[in-house]
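Biologist: I would like to go through a protein model with you, one question at a time. Please give the cut-offs as you go.

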Amino acid sequence: FFSNSSQCRLIHRMDGISRVKRVSIEGNIAVGKSTFAKLLQNAGQNWEVTPEPVSKWQNVEEATSQIVLSPQQTTSNLLQMMYQDPKRWSYTFQTFSCMSRMRTQLQPPPAKLMQSRDTAVQVYERSIYSDRYIFALNSFELGALNSTEWAVYQDWHSFLVEQFGPKVQLEGIIYLRASPQVCMERLGKRGREEERGLQLDYLDTLHVQHENWLINKSTKVHFDHLKNLPVLVLDAGLEFEKDPEVQARLIKEVKIFFH
Ligand code: DCP
């Protein structure tokens with residue numbers, strides 16, 4: 001009885017997972033995804049944000065529970081390694097980044113969302129899809145991943161997404177859209193050490209990838225559920241960090257969109 005695949009899907013729907021909408025916040029580096037995520041977290045009981053695991057990439061040993069043997073032994077900052085030597089480390093970085101995100105996307109939603117009577121929304125900062133269709137693709141196009149690495153990446157990525165099925169699917173995307181210049185200014189202000197050498201050119205290429213994927217829909221995506229995914233485009237060029245009025249307006253847009 002249970003081996004019938006439509007029955008399995010039905011059971012899956014009854015476990016609560018599909019009652020909670022899963023939405024990711026996308027946008028260029030430093031556009032303000034974390035700031036916006038915090039606003040959403042405070043927007044009501046029915047919103048829960050899963051932050052991006054950047055700190056894991058800055059200390060791989062701690063993230064993977066590897067024992068550091070002596071105080072002299074340095075820990076691995078994979079984010080820094082990737083920026084210092086993209087050809088050597090991009091594949092490793094993209095693998096680890098996607099793995100850590102896969103883990104978080106596979107976590108069941110917290111009980112408070114499952115029990116919620118209204119629409120509950122689980123929000124992620126980025127997703128396994130921007131890992132692939134923004135960063136890994138961009139790395140390949142810039143020559144930091146060679147064609148073998150790109151082929152291997154796509155192979156395991158597709159395999160895992162297909163295996164995990166609805167558990168890693170999204171119901172929507174919030175695209176925080178701003179010019180690369182604005183992102184560059186914000187990047188400079190926040191001063192993350194590893195990103196010091198980043199140039200505007202690089203943000204330009206990432207901007208184009210976001211536009212191709214989320215606006216022009218010209219990126220070739222390999223998963224049916226992604227093809228018709230609702231995308232809410234928000235003008236993140238506005239200084240929303242310290243302006244409560246702009247914040248309220250953006251949050252309202254989100255709530256209406258994902259009602
Ligand atoms: N990164 C990457 N490849 C990925 C994911 C992230 O190279 N697949 C890098 C880009 C940034 C850092 O990791 O240097 C974090 O990038 P995000 O844009 O995801 O996060 P931010 O902290 O920049 O977002 P925001 O400032 O918008 O909150």
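Biologist: How many disulfides does the structure hold?

Modeller: This is a predicted model, in which local features need pLDDT of at least 70 and side-chain atom pairs count only at pLDDT 80 or more, while totals for chains, interfaces and linings use all residues. Residues are numbered from 1 along each chain as its sequence is written, and side-chain values use heavy atoms, with hydrogens and water left out. A disulfide is a pair of cysteine sulfur atoms within 2.5 Å. The number of disulfides in the structure is zero.

Biologist: Is Cys-98 buried or exposed?

Modeller: A residue is buried under 20% relative accessible area, exposed over 50% and partly exposed in between, using a 1.4 Å probe and protein chains only. Cys-98 has a relative accessible area of 0%, so this residue is buried.

Biologist: What percentage of the 259 residues in the protein is buried?

Modeller: The same rule is applied along the protein. Of its 259 residues, the buried ones make up 47%.

Biologist: How far apart are the end C-alpha atoms of helix α6?

Modeller: Helices (H or I, at least four residues) and strands (E, at least two) are DSSP runs, numbered from the N terminus. The expected span of a helix is 1.5 Å times one less than its number of residues. Helix α6 covers residues 86–106, which is 21 residues, so it should span 30 Å. That agrees with the distance in the model, 29 Å.

Biologist: Which residues have the most contacts inside the largest nonpolar core?

Modeller: A nonpolar core is a set of buried Ala, Val, Leu, Ile, Met, Phe, Trp, Tyr and Cys residues joined through side-chain atoms within 4.5 Å. The largest one has 59 residues. Those with the most contacts inside it are Ile-29, Phe-36, Leu-40, Tyr-129, Ile-174 and Val-254.

Biologist: What angle lies between the planes of Phe-140 and Trp-150?

Modeller: Rings of Phe, Tyr and Trp (its six-membered ring) pair if their centres lie within 6.5 Å; planes under 30 degrees apart count as stacked, over 60 as edge-to-face and the rest as tilted. By this rule there are eight aromatic pairs. Phe-140 and Trp-150 form a stacked pair, with centres 5.6 Å apart and an angle between the planes of 20°.

Biologist: Why does this pair tie together parts that are ten residues apart in sequence?

Modeller: Trp-150 lies in helix α9, residues 147–164. Its partner Phe-140 lies in helix α8, so the pair ties together parts of the sequence separated by ten residues.

Biologist: Which residues do ring pairs link into a cluster?

Modeller: The stacked pair of Phe-140 and Trp-150 belongs to it. The cluster is made of Phe-140, Trp-150, Tyr-153 and Trp-156.

Biologist: Which residues does Ala-63 touch, not counting residues up to four places away in sequence?

Modeller: Ala-63 is in helix α4, residues 60–63. Contact means heavy atoms within 4.5 Å. With that rule, the residues touched by Ala-63 beyond four places in sequence are Lys-56 and Phe-96.
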